[in-house]
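Here is my note on the model you sent.

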Amino acid sequence: MLEIVRALPEGERPWCSGVALAAGTASGPLAEESFGWAVRYAAYDERADRGVELPRERWLPVRRDTLFDLASLTKLCTTIVALRAVEHGLIALDGRVAAYAPECTAAAEHGITVRQLLTHTSGLIPELPLYEEDGVQRRWARLAAEPPVTPPGTARRYSDLNFLLLQRVLERTAGRGLDRLVQETVTGPLGMADTRFRPPASWLPRIAATEDQRRPWGKADRGMLRGVVHDENAWALGGVAGHAGLFATAGDLAVLCRALLAGGGPMLSPASTELMLSAPGLGFEVDQPWFMGELAGRGAAGHTGFTGTSLVVDRARGVYLVLLATTVHPRRRPGDSAPRAAAATALARAVG
């Protein structure tokens with residue numbers, strides 16, 4: 001497995017600039033490795049079709065304490081907050097979104113439920129250009145008015161909008177922001193001190209850069225990003241969003257994985273954890289070989305993130321794999337999950 005990880009960043013057009021890996025069991029780590037560069041490029045040269053490298057002395061290596069933009073791995077923490085709210089009776093899985101957030105008028109008209117958000121069966125399209133709207137209030141209003149394109153509950157379509165609506169439900173019922181809810185439910189109880197939305201400036205030396213984000217490949221003209229969320233909609237909503245925005249280290253996510261392997265405490269009850277991680281999965285994807293490799297097939301649950309991140313929890317084997325990579329530094333490219341699957345397969349073969 002470590003040979004695969006060391007090979008990931010190599011070549012003229014490497015899969016990623018740098019990577020941090022953590023693998024282990026419920027009782028502790030099996031491997032914790034870092035390789036490549038957290039900061040390497042100053043910009044992307046569109047004409048030359050290659051990154052503009054910083055002076056060599058300004059390159060910063062990936063270390064075990066390097067923080068990565070988690071992108072859609074954020075959805076997993078939002079899911080845990082939602083299941084905790086169900087346990088406390090604040091919401092119900094089959095409760096209607098509009099019962100908790102009546103401003104979500106399209107969800108009200110079409111009867112979208114919390115479960116449909118968590119299973120991506122709401123019928124909503126994958127995303128909206130909320131970043132094009134003028135001001136946060138108008139961005140939320142556009143989301144609230146967006147109707148499903150298929151009847152809720154009839155088809156699965158992965159959508160960031162589901163977790164933005166879920167964020168609205170959770171914040172309305174709890175009376176506080178998602179950032180506080182994640183801290184109270186997940187990162188605080190588990191002691192994940194290196195995981196948060198909107199990391200402070202003092203953390204910047206430990207944060208991996210992402211993209212020279214600008215059109216035409218990006219959706220906004222923001223330049224080289226480091227320490228601010230890569231996802232354009234999460235950025236437009238202030239950096240705290242149900243679908244993206246968290247930063248973390250591989251070690252912190254390993255703590256989360258060990259808690260899930262052990263039944264979910266102190267975040268969730270074993271029953272809620274079982275429901276969340278079992279097919280078809282709530283928030284989590286289940287048995288997906290395209291990124292889980294040979295860990296898939298026995299009930300493995302996990303997720304990927306656009307910036308190059310992934311997480312797999314395999315309760316049948318009692319192992320987890322966290323792979324945090326920077327595949328968008330210096331710019332995004334067509335997705336390729338083969339290295340994720342290869343690392344997962346190496347772990348599956350190592351543990352049998």
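1. Start with the lining of the largest pocket. Both α12 (289-292) and β12 (301-305) supply at least two residues to this lining. The top contributor is β12, which gives 3 residues. Please bear in mind that this is a predicted model.

2. The largest pocket holds about 750 Å³ of space. Its lining counts 32 residues, and those closest to the centre are Ser-72, Thr-304, Gly-305, Phe-306 and Thr-307.

3. Next, helix α10. It runs over residues 250-261, 12 residues in all. From first C-alpha to last, α10 reaches 16 Å, close to the 16 Å expected at 1.5 Å a residue. Is α10 enclosed by the rest of the structure or exposed, and why? It is largely enclosed, because 9 of its 12 residues are buried. The buried set is Ala-250, Asp-252, Leu-253, Ala-254, Leu-256, Cys-257, Ala-259, Leu-260 and Leu-261. Asp-252 is one of these buried residues and deserves a look. Just after α10 comes Gly-263, with a positive phi of about 110 degrees.

4. Helix α6 (residues 136-144) buries Arg-139, Trp-140, Leu-143 and Ala-144.

5. Now the salt bridges. How many does the structure hold? There are 22 salt bridges. I pick out a few pairs below.

6. Glu-32 and Arg-64 meet through their side chains in a salt bridge, at 3.6 Å from N to O. The pair links distant parts of the chain, 32 residues apart. Glu-32 belongs to strand β2 (residues 28-39), while Arg-64 is in the loop between β5 (60-61) and β6 (68-69). Glu-32 has a relative accessible area of 27%, so it is partly exposed. Arg-64 has 56%, so it is exposed.

7. Arg-332 pairs with Glu-211 in a salt bridge, and the closest N and O atoms are 2.8 Å apart. What parts does this pair tie together? Arg-332 lies in the loop between β14 (319-325) and α13 (338-351), and Glu-211 lies in strand β8 (residues 209-213), so parts 121 residues apart in sequence are tied together. Arg-332 counts as buried because its relative accessibility is 11%, under the 20% cut-off. Glu-211 is buried too, with a relative accessible area of 0%.

8. Arg-349 and Glu-294 form another salt bridge, 2.6 Å from N to O. Here helix α13 provides Arg-349 and the loop between α12 and β12 provides Glu-294, so parts 55 residues apart in sequence are tied together. Is Arg-349 buried or exposed? It counts as exposed, at 60% relative accessibility. Glu-294 counts as partly exposed, at 36%.

9. Glu-103, Arg-168 and Arg-172 are joined into it by salt bridges that share partners.

Methods: Residues are numbered from 1 along each chain as its sequence is written. This is a predicted model: local features need pLDDT of at least 70, side-chain atom pairs count only at pLDDT 80 or more; totals for chains, interfaces and linings use all residues. Side-chain values use heavy atoms; hydrogens and water are left out. On a 1 Å grid over the protein atoms alone, a cavity is a set of points where a 1.4 Å probe fits but cannot get out, and a pocket is an open set with protein on both sides within 12 Å along at least five of seven lines; lining residues have an atom within 4 Å of a point. Grid points are joined across faces, edges and corners, and a volume is the space filled by probe spheres set on the points. Helices (H or I, at least four residues) and strands (E, at least two) are DSSP runs, numbered from the N terminus. The expected span of a helix is 1.5 Å times one less than its number of residues. Buried means under 20% relative accessible area, exposed over 50%, partly exposed in between (1.4 Å probe, protein chains only). A salt bridge is a side-chain nitrogen of Lys or Arg within 4 Å of a carboxyl oxygen of Asp or Glu.
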